[in-house]
Amino acid sequence: VPGLITLGNDATTQNIYTLANKVGSRVNVLIRRATVQVDTIASLTSVAPLVRCSRATAISGGAILSPSAYDTTESSSSSVEIRTPVYDGFPITATLGNPIYQQYCGRLHTAAEQVQAPDNNILPTLISSQDFIVRPGESILFHVAGATTASNSKLSNYWWLSCEWEEYPIS
């Protein structure tokens with residue numbers, strides 16, 4: 001499920017995407033790929049922002065997105081819920097848990113040319129070596145953590161996150 005394009009928020013933290021497997025779900029969610037891109041359109045003389053993946057609880061707000069299936073004969077469980085913020089007026093709120101992985105995603109020191117954003121894998125080592133499972137009642141949160149408010153300026157950062165997963169029924 002690709003998230004919505006999210007503008008920076010001029011703050012040191014910003015929630016940009018969540019995946020929740022609700023309590024009572026009858027599936028385990030196996031994350032296969034989670035990537036983030038940042039389109040930096042202005043120079044950033046501050047420290048580059050980190051994007052973190054963490055466990056989370058008490059998730060609310062944002063827009064709930066509908067999953068799209070690769071195989072059209074199958075459908076996603078209604079217990080799997082994706083949220084993304086909608087502009088400034090409808091952010092995601094969540095209680096941050098322990099970090100799972102983090103990385104810098106981009107910094108443009110001088111805005112002389114356009115930079116094509118790479119897919120920054122948010123869970124690369126974990127996913128390549130073992131299944132990353134979100135069990136019923138668990139959630140993960142992807143958020144931006146800036147060293148200063150200038151690290152995630154509204155006028156310079158445009159975030160986009162995408163997540164791919166498989167669901168396996170629990171007997």
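This is a predicted model: local features need pLDDT of at least 70, side-chain atom pairs count only at pLDDT 80 or more; totals for chains, interfaces and linings use all residues.
**Entry 1: surface and overall build**

Residues are numbered from 1 along each chain as its sequence is written, and side-chain values use heavy atoms, with hydrogens and water left out.

Next I listed the secondary structure. I found one helix and 11 strands. Helices (H or I, at least four residues) and strands (E, at least two) are DSSP runs, numbered from the N terminus. Along the sequence the order is β-β-β-β-β-β-β-β-α-β-β-β.

Then I checked the dimensions. The C-alpha atoms fill a box of roughly 55 × 30 × 30 Å along the principal axes. The radius of gyration is 16 Å, which agrees with the value near 16 Å for a compact globule of 171 residues. That radius is taken over C-alpha atoms, and the globule rule is 2.2 Å times the number of residues to the power 0.38.

I also looked up burial. Of the 171 residues, 43% are buried. Buried means under 20% relative accessible area, exposed means over 50%, and partly exposed lies in between (1.4 Å probe, protein chains only).

Contacts came last in this entry. A contact means heavy atoms within 4.5 Å. Among contacts with a separation of 6 or more, 87% join residues 24 or more positions apart.

**Entry 2: charges and salt bridges**

I counted 10 positive and 13 negative side chains. Lys and Arg count as positive, Asp and Glu as negative; His and the chain ends are not counted. The centres of the two sets lie 8 Å apart, with each charge placed at NZ of Lys, CZ of Arg, CG of Asp or CD of Glu.

Side chains of opposite charge can pair when their charged atoms come close. I took a salt bridge as a side-chain nitrogen of Lys or Arg within 4 Å of a carboxyl oxygen of Asp or Glu. The count comes to four.

Lys22 bridges to Glu81, with the closest N and O atoms 3.5 Å apart. This pair links distant parts of the chain: Lys22 sits in the loop between strand 2 (13-21) and strand 3 (27-40), and Glu81 sits in strand 6 (residues 80-84), 59 residues apart. Lys22 or Glu81: is each buried or partly exposed? Lys22 counts as partly exposed because its relative accessibility is 36%. Glu81 is buried, at 14%.

Glu81 also meets Arg83 in a salt bridge (3.2 Å, N to O). Both Arg83 and Glu81 are buried. Shared partners join Lys22, Glu81 and Arg83 into one network.

Arg32 pairs with Glu166, and their closest N and O atoms are 2.8 Å apart. Arg32 is in strand 3 and Glu166 in strand 11 (residues 157-169), so the pair links distant parts of the chain, 134 residues apart. I find Arg32 partly exposed at 32%. Glu166 is partly exposed too, at 34%.

**Entry 3: two residues and their contacts**

I picked Tyr158 in strand 11. Tyr158 is partly exposed, with a relative accessible area of 29%. Leu7 is 151 residues away in sequence, yet the two C-alpha atoms are 4.6 Å apart. Beyond four places in sequence, Tyr158 touches Ile5, Thr6, Leu7, Gln37, Val38, Asp39 and Ile41.

I then turned to His143, in strand 10 (residues 138-145). His143 counts as buried at 3% relative accessibility. Leaving out neighbours within four places, its contacts include Gln14, Asn15, Ile16, Leu50, Val51, Arg52, Ser54 and Leu96.

**Entry 4: backbone check**

Most residues other than glycine have a negative phi. Which residues did I note against this?

Asp10 has a positive phi of about 55°. Asp10 lies in the loop between strand 1 (6-7) and strand 2, and is partly exposed at 39%.

Ala58 also has a positive phi of about 55°. Ala58 is in strand 4 (residues 50-61), and is exposed at 57%.
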